[in-house]
Amino acid sequence: MQLKFKNGKFRILQVSDAQDLQHVRHTMMRMLNKAYDDLKPDLIVLTGDNILGNHLNDCELWTPLFVKDKPSEMKAMGVAIDKLISPIEERKIPFAMIYGNHDDRNRMTKDEQADFYRQYSCNIGLDGTDSGDCDTYNIPIYSENGDKIKFNIWMLDTAWHDKEKDECFEYVKPEAVEWYKDTSAKLKAQNGGVPVPSLMFQHIPMLETLELIEECDPADKGAVRGPDNKYFKLKPECQGHLGEYVSAVSQKTGQMEAMKECGDIKAVVFGHDHQNCFTGVVDGINFVQTPCAS
């Protein structure tokens, strides 16, 4: 499916942290359906924790186990994903997705889970064969006549569950950073040596997001508690709301340096922090924090 500008515009709607099971929050779905109908986006981007994958075994949230094998868990996952995606499919809106820290903490591999999303005709992407993860890929947006890539969307995985060790890891893999640099260079070459302007989406915020907050007095307006019982607020040059301390990836892997080197990223957009909704600029790149849908 080729995505194109229409009348010089292309509208993206981000949905992050729906975090639901097969029993969906009806209020959230009403809100999302209204957003789809009112905004009429050209692309919906699901930026992780799309389902509460680590609670598929629960009868209801926080209640005793009732799913005890992989086939039953896969069935529950299919229902949960369908509840989220069917309203998008019914409206024939293209969508793309990445995983969050809650999505694959279960018996399924990421690729097995991706097969549920791939069955919808409006799915874009999930084809990251060279990047190291199926949900690390890019989406070109073409000119109105379809003859040139005018914009680009980067989707980066930031969290995965090692099922053998039962450990969770939260950072952008170094091989994903190298894939981004190589692919960005190819797009630049195709564009006559000019970087293709891009947005980058990932679930967990970069560590550089911490540069947008500062320590403050607990009585200050907008203060939230952070590590070591210290309090923090957004820096004056930022816009929006800090509702909780930034929960960033566990380590840097050269992503920021790669973004500055490639020169194509207009903004990098995150989910994960449910109560945060703000924007700021780090080293000339816009950082956008989006709150949870649920």
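Is Asn-101 buried or exposed? In this predicted model, local features need pLDDT of at least 70 and side-chain atom pairs count only at pLDDT 80 or more, while totals for chains, interfaces and linings use all residues. Residues are numbered from 1 along each chain as its sequence is written, and side-chain values use heavy atoms, with hydrogens and water left out.

Asn-101 comes out as buried, at 11% relative accessibility; the cut-offs are under 20% relative accessible area for buried, over 50% for exposed and partly exposed in between, with a 1.4 Å probe and protein chains only. Asn-101 sits in the loop between strand E4 (95-98) and helix H3 (110-118). Helices (H or I, at least four residues) and strands (E, at least two) are DSSP runs, numbered from the N terminus. The side chain of Asn-101 makes a polar contact with the side chain of His-203, at 3.0 Å. A polar contact here is a pair of N or O atoms within 3.5 Å; within protein, one must be able to donate a hydrogen and the other to accept it, and residues adjacent in sequence count only if both atoms are side-chain atoms. With neighbours within four places in sequence left aside, Asn-101 is in contact (heavy atoms within 4.5 Å) with Asp-49, Ala-159, Glu-170, His-203 and His-272.

His-203 and Glu-170 turn up again around Thr-158. Thr-158 belongs to the loop between strand E6 (149-156) and strand E7 (159-162), and it is buried, with a relative accessible area of 0%. Its side chain reaches the backbone nitrogen of Ile-204 at 3.2 Å. Not counting residues up to four places away in sequence, Thr-158 touches Phe-169, Glu-170, Tyr-171, Val-172, Gln-202, His-203 and Ile-204.

On to the helix pairs. Helix H1 (residues 26-39) and helix H2 (residues 70-90) pack at about 25 degrees, with their axes 10 Å apart. That makes H1 roughly parallel to H2. Axes are lines fitted to C-alpha atoms, for helices over the stretch in contact, and angles run from 0 to 180 degrees between N-to-C directions. Angles under 35 degrees count as roughly parallel, over 145 as roughly antiparallel, 65 to 115 as roughly perpendicular and the rest as oblique. Met-29, Leu-32, Asn-33 and Tyr-36 in H1 meet Lys-83, Leu-84, Pro-87 and Ile-88 in H2. By type, the residues of this contact split into six nonpolar, one polar and one charged; Ala, Val, Leu, Ile, Met, Phe, Trp, Tyr, Cys and Pro count as nonpolar, Asp, Glu, Lys and Arg as charged, and the others, Gly among them, as polar.

Helix H4 (residues 174-190) and helix H5 (residues 255-262) pack at an angle of about 5 degrees, again with axes 10 Å apart, so H4 is roughly parallel to H5. On the H4 side the contact involves Val-177, Tyr-180, Lys-181 and Ser-184, and on the H5 side Gln-255, Ala-258, Met-259, Glu-261 and Cys-262. Five of the residues in the contact of H4 with H5 are nonpolar, two polar and two charged.

Gln-119, in the loop between H3 and strand E5 (137-142), is exposed at 53% relative accessible area. A polar atom of the Gln-119 side chain lies 3.1 Å from the backbone oxygen of Phe-116. Lys-92, in the loop between H2 and E4, is exposed too, with a relative accessible area of 66%. Although Lys-92 is not a glycine, it has a positive phi of about 60 degrees.
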